[in-house]
Amino acid sequence: MSESLVKIENIRAYYKLKNREVKAVDNVSFEIMENEIIGVVGESGCGKSTLSNVLLNNIIKPLTIVGGRVLFKSNGEYVEISSLTREEVRERFWGKEMSLIPQSAMNALMPTIKLSKYVEHLAQSHGIPKNELLKKARKRFEDVDLDPQWLNRYPFELSGGMRQRAVIAIATLLNPQLLIADEPTSALDVVNQKVFLKILLEMKRQGIVKSIIFVTHDIATIRQIADRMLVMYAGKIMEISPVDKIVEKPLNPYTEGLLNSVLTPEPEIKKRGITTIPGTPPNLIEPPSGCRFHPRCPKAMSVCKEKEPKLVEIEPQRKVACFLYSEERA
Amino acid sequence: MFKNMFKPLFKSKKFIIGLSIVLFFILLGIFGPMIYRVDPTEMTWDMEQAPSSTHPLGTDTYGRDILAQLLYGIRSSLYVGFLAALISLVIGTIVGTFSAVRRGITDDLLMSFTNIVLTTPSILIAILIASYLDVRSIEMIAVILGLFQWPWFARAIRAQLMSVLSREYVYLSKMAGYGDFRLIVEDLIPTIATYAFMSFVLFINGGIMGEASLSLIGLGPTEGISLGTILQWSVMMDAIRRGLWWWFVPPGIAIVAVTASLLIISTAMDEVFNPKLREE
Amino acid sequence: MSRLVVKNLSKVFSIGFLARRNVEAVKNISFEVKEKEIISLVGESGSGKSTTAKMLLRLIHPTSGKIVFEGKDIWNDIKTNQELKEFRRNLHAVFQDPFASFNPFYPVERTMWQAFRLMDKEYSKNEALELIKDSLVKVGLDPKDILGKYPHQISGGQKQRIMIARCWLLKPKFIIADEPTSMIDASSRGGIIKLLLKLREEQGTSIMFITHDLGLAYYVSDRILVMKEGRIVEDGNPDDVVLNPQHEYTKILVGSIPKLYRKLEDI
């Protein structure tokens with residue numbers, strides 16, 4: 001059994017606005033193991049992107065960490081990165097220990113700065129000779145099927161798919177342990193999506209990156225690449241289990257609802273039909289009492305309104321937050 | 001509908017402050033000369049007098065009352081501003097709308113023309129035209145200024161309309177059997193109205209400043225009094241070196257106050273209408 | 001009988017001033033849609049599917065080819081205002097972006113009031129309001145939550161339902177649904193699809209989905225057309241297209257889409 005690379009303990013990250021708080025991530029705990037790909041799914045506004053910012057300690061106001069901690073294993077020791085400042089984490093961890101691939105490469109790359117400049121900048125900030133890293137970048141570009149010549153070009157000259165590949169090549173130059181991919185494929189067409197997923201898996205196979213956390217709204221993509229799936233709803237974890245098991249038998253009614261709204265071109269889907277989760281996600285300023293999903297849940301009981309279900313392990317490796325599976329339901 | 005559009009404006013402090021100052025000057029320009037009934041052109045023997053009870057803001061070299069000049073000056077400067085703004089707005093709207101709706105060759109030709117006017121240093125052309133005219137009425141100055149400040153507005157209107165025309169609600173209105181006229185009135189005008197209103201404010205500003213600049217170099221209106229001509233006379237008579245502050249300070253303050261508050265109004269409108277700039 | 005016949009339809013856009021360049025968006029496509037049939041036009045952005053939709057809706061003029069709806073060539077046989085009104089009522093659309101489908105300056109029910117312009121019968125204001133309320137209820141909305149609201153005050157899913165409510169008022173014979181679910185959350189997507197299917201069941205409406213989502217097309221359609229670079233490269237029933245694609249492009253497309261119940265072998 002491998003060890004955990006990151007431990008997230010009771011993290012609460014709120015957006016503090018003038019006279020209200022948006023509880024984007026509310027008391028969330030889980031671990032990212034070494035050598036695993038973990039997929040985070042949820043609808044827009046469920047806090048999944050905030051979660052990736054918390055992992056990076058990319059905390060920019062109004063986002064504030066209100067409680068809990070994030071431990072990151074670096075050189076065999078767990079460092080509490082949530083107690084460091086954003087600058088300290090950026091210097092010590094970003095690029096080297098963890099890297100981000102954002103939704104749109106255009107957000108990450110200034111269109112008017114040459115790609116090689118990013119590599120040089122990376123070298124400079126980690127005290128590595130520029131030429132050495134540029135050489136490595138050329139090699140890495142070949143690995144992701146890009147002509148190394150592109151390093152001397154500007155991002156706007158590349159197509160969307162190529163740009164996203166350039167980002168992953170540069171982001172993994174220093175072999176970070178953890179790669180955080182925040183909706184990396186949603187701006188790409190399906191053919192480029194697949195190419196991108198292939199590269200991602202290849203990087204892990206070669207040991208360039210150890211673990212990947214893949215944030216998306218697309219369950220089918222997670223199904224293809226992830227080992228475990230983490231389902232978020234309204235700032236809470238609803239379920240975290242191995243992907244195969246979730247697809248086979250979702251436990252939390254929300255997970256079930258999400259799975260049943262997936263449309264992929266498969267005969268099973270046609271047979272199964274498509275269902276809708278009634279209502280809309282709650283606002284996170286005043287989330288519902290008890291289980292946050294109870295107003296939309298088809299299986300809601302009276303206890304769901306009053307108490308908040310804990311995330312408990314009900315089968316080996318399967319954790320779910322739902323009173324259907326806990327003894328407290330009486 | 002327009003009520004709903006402009007309501008949020010009145011929640012903005014900036015807008016209220018700017019509007020109050022401008023309104024104050026507008027009222028001053030309209031009613032000032034009616035209440036303070038002194039002929040601003042009448043020459044008296046009280047020459048270059050400091051403010052006193054007979055001349056609240058003193059007199060100039062020819063014994064003319066500065067307060068009376070100031071009140072008339074505010075009136076005509078605002079008049080030049082509005083007139084120039086109106087001209088620019090009309091030309092800009094027509095050119096921009098035609099370009100966006102007609103596309104093709106019409107668009108190409110109109111935009112080339114717009115770009116030519118846009119890149120021509122307008123104040124130079126204005127100077128050139130003004131210097132050819134021996135007699136320049138206030139209206140003439142307004143027309144000269146109005147003819148040169150529309151191009152950026154035409155381009156902006158064109159860009160906005162182009163984007164609106166490919167928006168789905170326009171298709172839906174067309175599919176509900178809207179003719180061109182109804183489409184323009186109901187869907188297109190409201191979309192550009194806020195922007196036009198904002199630009200109008202900036203155009204007034206440009207008109208007032210333009211008039212003052214032309215006047216300062218002696219190419220302002222030859223008839224009538226404006227804030228610019230008062231300043232021009234004071235400069236000609238060396239008022240600044242000779243310390244005749246009551247002559248040049250009041251018109252200076254008036255110009256700065258009006259143009260600054262117009263700018264504040266347009267920034268406030270931008271913040272309200274453009275959600276990206278909203279402070280939240 | 002075919003409700004819609006499209007024959008050798010092409011559209012060429014010319015851009016640029018001095019050096020005019022021609023872009024062929026749609027190249028000589030032909031297909032037919034039967035009564036009550038659901039057909040999907042699948043393609044990526046730039047495949048010409050949206051241009052095709054706009055030509056069918058009589059919003060842009062085709063360069064060549066014929067579009068015959070209910071026996072009438074929509075560009076040549078519609079001459080009077082009355083005929084145009086009838087056409088607009090019978091062939092209607094639901095668009096992709098619920099946010100762009102509403103003019104932000106008006107309350108959301110404006111789009112439903114507009115529908116009355118296309119009707120033959122005159123309605124009093126109260127009658128019309130009752131009809132509007134009825135159709136809102138039909139699409140699962142509470143009129144109280146909707147009437148008088150402005151677009152930014154309601155959710156994307158609600159907006160898309162209002163668009164379908166407009167179709168309930170008009171009872172068109174043919175609906176073009178241009179990516180009707182691509183901008184709303186997965187959990188409310190099913191509801192929108194069901195509403196469109198219900199419309200077909202109750203009104204016999206033919207529906208054409210314009211989409212990049214082969215999963216959606218597979219689920220809802222009786223027939224799928226795959227478009228690439230302005231051409232229709234595959235035309236068949238959903239099971240054939242998805243399980244046994246013929247054209248190289250369709251094969252790649254089907255092979256690239258992540259599935260839920262089986263893993264892609266080659267990643």
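Let me start with strand β8 of chain C, where both faces are covered: C:Ser206, C:Met208 and C:Ile210 are buried on one side, and C:Ile207, C:Phe209 and C:Thr211 are buried on the other. Buried means that 20 or more other C-beta atoms lie within 10 Å of the residue's own, with C-beta atoms placed from the backbone; 12 or fewer counts as exposed, and in between is partly exposed. In a regular strand the side chains alternate between the two faces of the sheet. Six of the six residues of β8(C), residues 206-211, are buried, so the strand is largely enclosed by the rest of the structure.

Before going on, some housekeeping. This is a predicted model, in which local features need pLDDT of at least 70 and side-chain atom pairs count only at pLDDT 80 or more, while totals for chains, interfaces and linings use all residues. Residues are numbered from 1 along each chain as its sequence is written, and chains are lettered from A and ligands numbered from 1 in the order in which they are written. Helices (H or I, at least four residues) and strands (E, at least two) are DSSP runs, numbered from the N terminus.

Which strands pair with β8(C)? One is β3(C), residues 38-42, which pairs with β8(C) in the parallel sense over five bridges. Here C:Ile38 stands opposite C:Ile207. The other is β7(C), residues 174-178, which runs parallel to β8(C) and is joined to it by five bridges. In this pair, C:Met208 is the bridge partner of C:Ile176. To get from β7(C) to β8(C), the chain passes through helix α7(C), residues 186-203, in a right-handed β-α-β crossover. Right-handed means that, with the strands pointing away from the viewer, the path from the first strand over the helix to the second runs clockwise.

Now the whole sheet. It is open, with six strands of chain C in the order β6-β7-β8-β3-β9-β10, and its pairing is mixed. Two strands count as paired if DSSP finds at least two bridges between them. The edge strands, β6 and β10 (231-236) of chain C, each pair on one side only. On the inside, β3(C) also pairs with β9(C), residues 223-228, in the parallel sense over four bridges, and C:Ile39 has C:Arg223 as its bridge partner there.

Next, how does chain C meet the other chains? Two residues are in contact if their C-beta atoms, placed from the backbone, lie within 7 Å. Of the two pairs of chains in contact, A and C share the most contacts. On that interface, 30 residues of chain C are in contact with 33 residues of chain A. Helix α7(C) gives the most to this side of chain C, with seven residues.

With chain B, 20 residues of chain C are in contact with 15 residues of chain B. The largest share of that side of chain C, three residues, comes from α3(C). Chains A and B have no contact, and their closest C-alpha atoms lie 8 Å apart.

Last, chain A. Its domain assignment gives domain 1 (4-97 + 176-329) and domain 2 (107-172); such bounds come from an automatic or database domain assignment. The C-alpha centres of the two domains of chain A lie 29 Å apart. Their contact takes 14 residues from domain 1 and nine residues from domain 2.
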